[in-house]
Number of protein chains: 2
Amino acid sequence: MTEDEPTREESAPPALSRRGLFGLAAGVGAAGLALGAGAGSAAGVAIGRSRAAEEASPVYPFTGTHQAGITTPMQDHLHFAAFDMMAGTTREDLRSLLRDWSYAAARMTQGLDVSATGAVGGSPEAPPDDTGEALGLPASGLTVTFGFGPTLFTADDGTDRYGLAALRPAGLAKLPAFLGDDLDPAASGGDLCIQACADDPQVAIHAIRNLSRIAFGRARLRWSQLGFGKTSKTSAAQATPRNLFGFKDGTANILSDDTQALADHVWVASADEPAWLAGGSYLVARKVAMLIETWDRVRLSEQQRIIGRDKSEGAPLSGGSETTAPDFDKKDAAGGLAIDARSHVHRAHPDVNDGIRILRRGYNYVDGNTDLGRLDAGLFFLSYQRSPVQFVTLQRALSTDLMNEYVRHIGSGVWAIPRGAKAGSYVGAELFT
Amino acid sequence: MTEDEPTREESAPPALSRRGLFGLAAGVGAAGLALGAGAGSAAGVAIGRSRAAEEASPVYPFTGTHQAGITTPMQDHLHFAAFDMMAGTTREDLRSLLRDWSYAAARMTQGLDVSATGAVGGSPEAPPDDTGEALGLPASGLTVTFGFGPTLFTADDGTDRYGLAALRPAGLAKLPAFLGDDLDPAASGGDLCIQACADDPQVAIHAIRNLSRIAFGRARLRWSQLGFGKTSKTSAAQATPRNLFGFKDGTANILSDDTQALADHVWVASADEPAWLAGGSYLVARKVAMLIETWDRVRLSEQQRIIGRDKSEGAPLSGGSETTAPDFDKKDAAGGLAIDARSHVHRAHPDVNDGIRILRRGYNYVDGNTDLGRLDAGLFFLSYQRSPVQFVTLQRALSTDLMNEYVRHIGSGVWAIPRGAKAGSYVGAELFT
């Protein structure tokens with residue numbers, strides 16, 4: 001096992017701070033007290049989801065060098081949520097929240113209820129700890145990945161709310177504006193983020209719902225996004241999926257078994273500052289609306305010119321198969337470049353971006369339809385990189401490619417992704433040492 | 001084979017009316033003509049999704065006595081869409097739309113592109129017929145079910161736009177208002193509806209997207225809904241799923257192999273009027289928002305009292321297991337009724353509703369979150385019945401049950417569901433004979 005692989009030890013969640021779950025019930029008076037009692041007296045009641053989980057379903061460890069959900073083979077469904085700390089919360093509130101979140105995430109990723117008493121094992125006179133809709137469902141490959149936004153370290157007004165300003169990584173700042181940005185503040189930013197991925201949407205949604213609930217009184221959901229269907233290949237075993245423009249996407253992505261590329265492009269190293277982020281990464285999220293109906297009326301040859309690949313196989317227009325490296329100097333029969341210099345594949349390529357690569361992990365989204373009867377759909381782009389500079393460089397190149405006529409960036413966020421929780425500890429513990 | 005089973009003959013889609021696909025390209029001038037030519041010349045080019053479909057994945061026939069998607073075991077994902085005919089359209093527009101929709105649906109349900117030339121087999125100088133995002137994906141159990149709303153027969157202003165008023169079933173009318181209704185017109189009604197269900201959301205979404213596209217110039221998407229995770233058991237082989245309140249739901253549903261119950265409660269018989277609807281059904285859709293955060297603070301015993309079943313196993317509170325019939329006369333230790341008379345299970349039970357039963361086929365939905373950071377989530381209720389009166393009777397009983405404190409009906413629609421397409425014909429052909 002190398003330093004770059006998650007450890008496979010059994011996850012050992014930290015001791016639960018009951019404050020979070022207790023806080024849940026505070027609104028119902030006496031029932032709040034009953035929850036505490038119920039939880040205490042129910043020790044040994046092993047009611048959880050694993051009992052009924054009979055299907056073969058991947059289970060990923062929560063603890064390890066790196067958080068799960070980054071190099072984990074992409075699951076089928078995403079529920080992403082950004083949170084803001086509530087006004088008046090303290091450093092200890094943040095710390096207890098992170099501890100409670102890790103405790104619950106460690107359990108849920110193993111296919112268990114959110115606590116030992118869970119959905120049905122507590123006192124009948126208290127609200128259950130777990131909301132119950134995942135009872136009987138297997139772990140479904142659930143991963144839960146936590147991130148810290150720039151505002152967690154320094155609020156927009158400059159306040160150091162949690163005594164963390166000195167620990168803020170130099171690279172962790174709101175992304176610069178890009179050409180064509182049309183960002184909705186209600187789908188951007190957030191002090192904290194959680195990426196929940198699972199093969200069953202009910203399991204991913206259950207995770208976000210219960211983590212939101214645990215945050216009660218400390219952090220509040222700012223925005224969220226559901227996604228499906230993958231848009232990037234993250235392991236060699238996966239077929240390259242298609243995006244909502246009908247093209248294979250993410251062919252040249254960093255694969256999860258390419259240890260060297262991960263070390264070079266994804267993981268923050270000890271030599272990078274600050275020390276607490278070593279083994280971590282940076283997550284960039286971009287909600288990219290796709291003008292589906294407009295795209296669908298573009299002729300095939302033009303669609304292919306815009307992307308730089310053929311639609312059928314995903315081969316670069318310079319020839320070969322999907323995995324053939326594009327030849328940007330290749331001429332077509334008419335003497336022009338086979339791959340347009342403003343095509344998406346050219347503008348995104350490491351060869352024209354100082355060798356920059358990122359680990360893409362985005363999902364398609366459909367948020368219903370607009371008032372005009374058009375699909376409200378697109379790409380929820382997620383990428384992991386060693387520094388946000390990688391994304392910024394690529395996006396500057398991409399913001400003038402031919403595809404921009406058919407997309408709008410409407411949401412944005414950047415978060416530092418700490419290393420994985422050590423056994424007996426929690427994600428983010430290094431911030432408080 | 002009985003009359004009540006879908007025929008298993010190979011689907012033989014009707015001849016394509018090219019008007020629909022031609023209409024798609026009309027906006028791009030010369031390319032529109034090129035599409036026609038490309039489609040014609042590409043006969044024999046067998047490019048479709050089935051080629052790359054290597055996974056085992058159910059394929060359901062499109063033609064048959066009944067439309068698929070009613071008694072079909074519930075797939076994992078739903079994309080439902082309601083359409084309005086566009087102003088100025090003719091009877092022939094409607095007829096050609098239905099013909100084109102059946103042609104495309106017959107192909108897509110078999111794992112094929114929307115037309116013979118599909119996503120990549122047409123002229124490069126024309127927009128592809130198929131949007132391409134399902135290329136390489138298997139059929140994934142896709143079913144496409146079409147329905148006709150009251151306004152298709154008689155517009156709200158009384159106009160008989162398509163010469164169909166005389167064929168309007170007496171039972172096909174806007175549902176009456178129920179206590180507590182808070183309906184959004186933008187999530188209600190529609191001249192036509194399409195229910196697309198598949199085990200892969202990308203396949204269901206691809207179907208609705210391409211059928212919307214085919215409707216260009218004739219019908220326009222009015223509203224749509226994505227759903228996941230099932231909320232009802234429709235075959236004995238399925239475990240009873242849980243709704244977003246964490247309870248098993250649909251335990252007492254009509255199962256797809258219960259031929260007698262289907263004949264009694266779901267399929268319109270020849271003796272019912274009008275004749276064109278024999279072998280069909282009525283679909284009711286209700287978008288039911290669930291006040292998740294409020295529910296989650298209710299103590300377990302109260303949650304169980306409201307539902308009338310225990311949360312763990314789904315057994316009625318009168319005792320037994322999930323499949324035990326509830327005993328509404330059973331007393332608890334304190335001498336009260338074990339199952340509250342206002343519980344959901346009591347109010348919904350056939351024994352207190354003149355034996356009325358319906359076939360439920362709803363899905364959970366999560367439409368992101370509200371501005372207050374709460375989950376915008378609930379149940380997209382779908383039920384099939386021989387007459388809308390069945391739903392109306394049940395909903396009148398349910399609209400005062402204990403659960404109403406935690407739900408809001410925000411969308412509503414009713415559609416007549418014609419019989420399945422005959423080989424060589426299309427869904428709805430009986431309207432035009």
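User: I'm looking at strand β8 of chain A. Which residue there is the bridge partner of V284(A)?

Analyst: That's S383(A) in β8(A). Keep in mind that this is a predicted model. Now zoom out to the whole strands: β5(A) and β8(A), which covers residues 375-385, run antiparallel and are joined by eight bridges.

User: And which strand pairs with β5(A) over ten bridges?

Analyst: Strand β9(A), residues 407-417, in the antiparallel sense. For one position to look at, find A285(A), which stands opposite G413(A) in β9(A).

User: Is β5(A) mostly covered or mostly open?

Analyst: Mostly covered: ten of the ten residues in β5(A), 281-290, are buried. You can check each face in turn. One side carries S281(A), L283(A), A285(A), K287(A) and A289(A), the other Y282(A), V284(A), R286(A), V288(A) and M290(A), and all of these are buried.

User: What does UniProt place at residues 240-421 of chain A?

Analyst: An unreviewed entry there gives "domain: Dyp-type peroxidase C-terminal". In the model, that span is 19% helix and 23% strand, and its end C-alpha atoms lie 31 Å apart.

User: Which residues make the contact?

Analyst: From α3(A), they include L97(A), W101(A) and M108(A); from α5(A), H206(A), N210(A) and I214(A) are among them.

Key. Residues are numbered from 1 along each chain as its sequence is written. Chains are lettered from A and ligands numbered from 1 in the order in which they are written. This is a predicted model: local features need pLDDT of at least 70, side-chain atom pairs count only at pLDDT 80 or more; totals for chains, interfaces and linings use all residues. Side-chain values use heavy atoms; hydrogens and water are left out. Buried means under 20% relative accessible area, exposed over 50%, partly exposed in between (1.4 Å probe, protein chains only). Helices (H or I, at least four residues) and strands (E, at least two) are DSSP runs, numbered from the N terminus. Two strands pair if DSSP finds at least two bridges between them. UniProt positions are given in the numbering used here, feature names are shortened, and annotations may be inferred rather than shown by experiment. Contact means heavy atoms within 4.5 Å.
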